[in-house]
Amino acid sequence: MTKRIMLVDDTETVLMFEKIMLSGHGYEVVTAKNGADALEKVASRPPDLILLDIQMPEMDGIETCRNLKNNPKTQTIPVVMVTTKGTPEKVEAAFMAGCNDYLTKPVDKLEFLTKVKSFLG
Amino acid sequence: MAKSLNERIRATFLEEGNEQLEALGALLLELEAHPGDAESIAALLRIAHNFKGAAGTAGFPTLANVAHATEEVLERLRDAKIAAVGGVFDRLFATVDELKAQLGRLADGHEPDELGALVNELKNLGLGSVVLTPVAPHGGDVVLGEYDLVRIKVLRKRGFRILRLTLSPPHTDAKVWKWARQVAQKLRTEGDVIGTEPRETEFKAGLKFDLLVVVLATVHADAELRALLSPLGADNFELVDLYAKTAEASPDYLKRPTTVRQSLKVDVERVDNLVDMIGELVVVQSMVANAPEFGAAASRRISNCLSQLTRITRELQDAGLRLRMVPLVGVFQHLSRMVRDLSHKTTKEVVFTTSGENVEMDRGMVEHVVDPLVHMLRNAIDHGIEAPEERQRCGKPSAGRISLSAYHQGGSIVLDVVDDGRGLDRAKILAKARERGLLREEVTPSDAELLNLVFESGFSTATEVTEISGRGVGMDVVRKHVEEMRGRVAITSTPGVGTTIKIVLPLTLAIIDGMLIGCGSERYILPTIAIVESLRPAPAALSSVAGRHQMLSLRGHLLPLVSLAELFHVNDGCNDPCRGLVVVVESVGRRVGLVVDDVLAQQQVVIKNLGQGLGRAPFLSGAAILPDGRVGLILNVDEVAAFSTSMSTRSVGGRRTELASPQGEVAAGAPASTSP
């Protein structure tokens, strides 16, 4: 069965870049523009992995993650935070919110794919 | 002695700094062996902080900056912002080594190097990536990023153990990378894989490795992990809990880190023995150097050798004496505690400050200095400092201040106890002294003499005996102890403002700086500390009391004269101050002129006891072997001064006025002839 990956980012360029990296590896890719959008889409069709940007307007990645992890229906979905080089406090908050792993922007293609594969097999 | 304050601070810093760096090195080793050990980190932080303070004080901001950056790294370690792993330690050890090297430069008289690069390196240490040194001999390193360390911190808070697994692959064929991936995936089902070596991104065809290292966060027990991995043939791994405290008890010195010092315990007797022998060596060296045979026929080579011998002997002597020196910090800590407890008992508020904890003192003296200080501080709290209400009435802050300070002055160590209490009540002292028969009605003592009465035995002005200071022992104990150490004690006091007691002690009990005094064919040694001046008076300045006791009029003051020849029955000694010399000496506020033939030389002498036969001979405090091999007797200035004062007071008053003192017996009896 094809694994579904959700990319959440408010920057179109990043979404595009991530999509291109994932293309040809047999995943189904869906995107969301912000946290609220992501939660909605997850509720309707849960993905197998979520790549979540931290810095987003309205509901940021940390709060989104907290929401996902506090909901019994979605808490088993692995969440990988994708961050710019932020403060350690931000990253700590992300882990506290329950994210499973992280990637730093600019994302290295090999690392990106390895991480995705490590969660999806 | 003529070192500037700056030089002294630098010298102290060099010594202290080296000790601190040694301690840092030892603690780093400990921390590396037991990562995450909170006590080690706390001790490291404290020492690094102290070093920073010391370096700053001594005027080396570059070293202070390095220490500050080191402190920050340690803080990051403490807060688990970076992992306590190999790369960090390498850098910290290197930093300690660099600081040691810089202290070496300072000791050689250079200024420290510019260390900005090191500071920057430390500032970034662990924030980029941290290298984990694997346990396995052939493995690579697991590289952890800054965020991995944040993740570790969070996971640890949640009760995860952070483990490092070192696994041997069951085969080394081309498919070994698949095995590695399977291991990582399997582990991920039961925990968080934080990092691997080789890295997961390298898990692809062609990858070759001998060992797989995985840093894993898990809540599972070791056995469960082995069960999990056994289907992969990977259950034979080495496991290290990166933040575990090992079961072994940490060494004692880590439990009480304030005592972390590099030291060697040596039997005191051995040290004393060594110092004694050095003393003998000094004497022999000085005999050789002064031998007339050398003086006459000394070749350039011999005189060079002799001066070198002299220099080395002096250094050896200093080094020997330093062996016996200990800092006063222990005593001061003990006293601070005592003052705190006492002030609580009396309901008086006392702010106690100390300075000069690092001043070093002869081991033997430190023991003797405790009792006097205890007495003085008890007195200050009990009699000096007023109750808070009384202080407020006088317009003083309700908390009294007592300060204890130690410092070097000339060749002596000075201990000051200063309080801002009510001061000594002179009328009360006078009344009490008369009541106790310490002073006759008709005698009016000088202010200094009056204040010094408090050092007389059996004297206490406290109206009632209190639990704290009135146990029948008083300031006489202070004077007794101080005099036993060849020291002096002086008291000054201003009513309503406070009291200062000053104890002046020689640097060591073993050696004194003396003046060699000639009296006929005899040689005496007068402690330099007691000498005020020497002069040859004009006959007009002399006056005679009762046809016998000579007085010298010196700048408007009458000074009793004591002839050394008379005192010790030296037949060929000079009795006439106008032909010989008058050496003015001071003891406990009293000045006396000693009539001698001549002042021959300044001499450092090693004090020897007079031996069982003579015991405590009057007017003498010991003997020393002089450079020419003869024995010189060391004068006890306090006894001589007390004797002459009592003689002159007696004569002036026309009858016996008992300015009694511990020397009373001596003053009363005729001095025995003790000249050798």
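**B:Leu167 stands opposite B:Phe237, which belongs to β6(B).** The model is predicted: local features need pLDDT of at least 70, side-chain atom pairs count only at pLDDT 80 or more, and totals for chains, interfaces and linings use all residues. Residues are numbered from 1 along each chain as its sequence is written, while chains are lettered from A and ligands numbered from 1 in the order in which they are written. Strand β3 of chain B, residues 161–167, runs antiparallel to β6(B), and 5 bridges join the two. Helices (H or I, at least four residues) and strands (E, at least two) are DSSP runs, numbered from the N terminus.

**The open sheet of chain B has 4 strands with antiparallel pairing.** The strand order is β4-β5-β3-β6, where strands pair if DSSP finds at least two bridges between them. At the edges are β4 (191–197) and β6 (237–241) of chain B, and each of these pairs on one side only. With direction ignored, neighbouring strands are turned against each other by 25 degrees on average.

**Chain A contains an open sheet of 5 strands with parallel pairing.** Its order is β2-β1-β3-β4-β5. The edge positions belong to β2 (28–32) and β5 (101–104) of chain A; each has a single partner strand, so one side of each has no neighbour in the sheet. From one strand to the next, the twist averages 20 degrees. Strand β4 of chain A (residues 79–83) runs parallel to β5(A), joined to β5(A) by 4 bridges. A:Val82 has A:Leu103 in β5(A) as its bridge partner.

pLDDT is the predictor's confidence in each residue, from 0 to 100.

**Helices α2 (residues 35–44) and α3 (residues 61–70) of chain A pack at about 25 degrees, with axes 9 Å apart.** That angle makes α2(A) roughly parallel to α3(A); angles under 35 degrees count as roughly parallel, over 145 as roughly antiparallel, 65 to 115 as roughly perpendicular and the rest as oblique. The crossing of α2(A) past α3(A) is right-handed. A crossing is left-handed if the near helix is turned anticlockwise from the far one by less than a right angle, and right-handed if clockwise. From α2(A) the contact draws on A:Gly35, A:Ala38, A:Leu39 and A:Val42, and from α3(A) on A:Gly61, A:Glu63, A:Thr64, A:Asn67 and A:Leu68. Two residues are in contact if their C-beta atoms, placed from the backbone, lie within 7 Å. By class, the contact of α2(A) with α3(A) has 4 nonpolar, 4 polar and 1 charged residue. Ala, Val, Leu, Ile, Met, Phe, Trp, Tyr, Cys and Pro count as nonpolar, Asp, Glu, Lys and Arg as charged, and the others, Gly among them, as polar.

**In chain B, the axes of α3 (residues 61–78) and α5 (residues 116–124) come within 8 Å and cross at roughly 10 degrees.** α3(B) and α5(B) are therefore roughly parallel. On the α3(B) side the contact is made by B:Asn65, B:Val66, B:Ala69, B:Thr70, B:Glu72 and B:Val73, and on the α5(B) side by B:Leu118, B:Val119, B:Leu122 and B:Lys123. These residues divide into 6 nonpolar, 2 polar and 2 charged.

**Helices α14 (residues 363–384) and α18 (residues 475–484) of chain B pack at about 155 degrees, with axes 9 Å apart.** α14(B) is thus roughly antiparallel to α18(B), and the crossing is left-handed. α14(B) contributes B:His368, B:Asp371, B:Pro372, B:His375, B:Met376 and B:Asn379; α18(B) contributes B:Met475, B:Val477, B:Val478, B:His481, B:Val482 and B:Glu484. By class there are 6 nonpolar, 4 polar and 2 charged residues.

**The contact between the chains takes 12 residues from chain B and 12 residues from chain A.** Helices α6 (146–157) and α7 (176–190) of chain B each supply at least two residues of the side that touches chain A. The largest share of that side, 6 residues, comes from α6(B). The side of chain B has 4 nonpolar, 2 polar and 6 charged residues. The model scores ipTM 0.73 and pTM 0.41.

**Chain A has a mean pLDDT of 86, and chain B averages 77.** In chain A, 97% of the residues reach 70 or more; in chain B, 83% score at least 70. Over residues 128–139 of chain B, pLDDT stays under 50, and the model has 46 contacts beyond four places in sequence for this stretch. Residues 246–261 of chain B also stay under 50, with 15 such contacts.

How values were computed. Axes fitted to C-alpha atoms, helices over the stretch in contact; angles between N-to-C directions.
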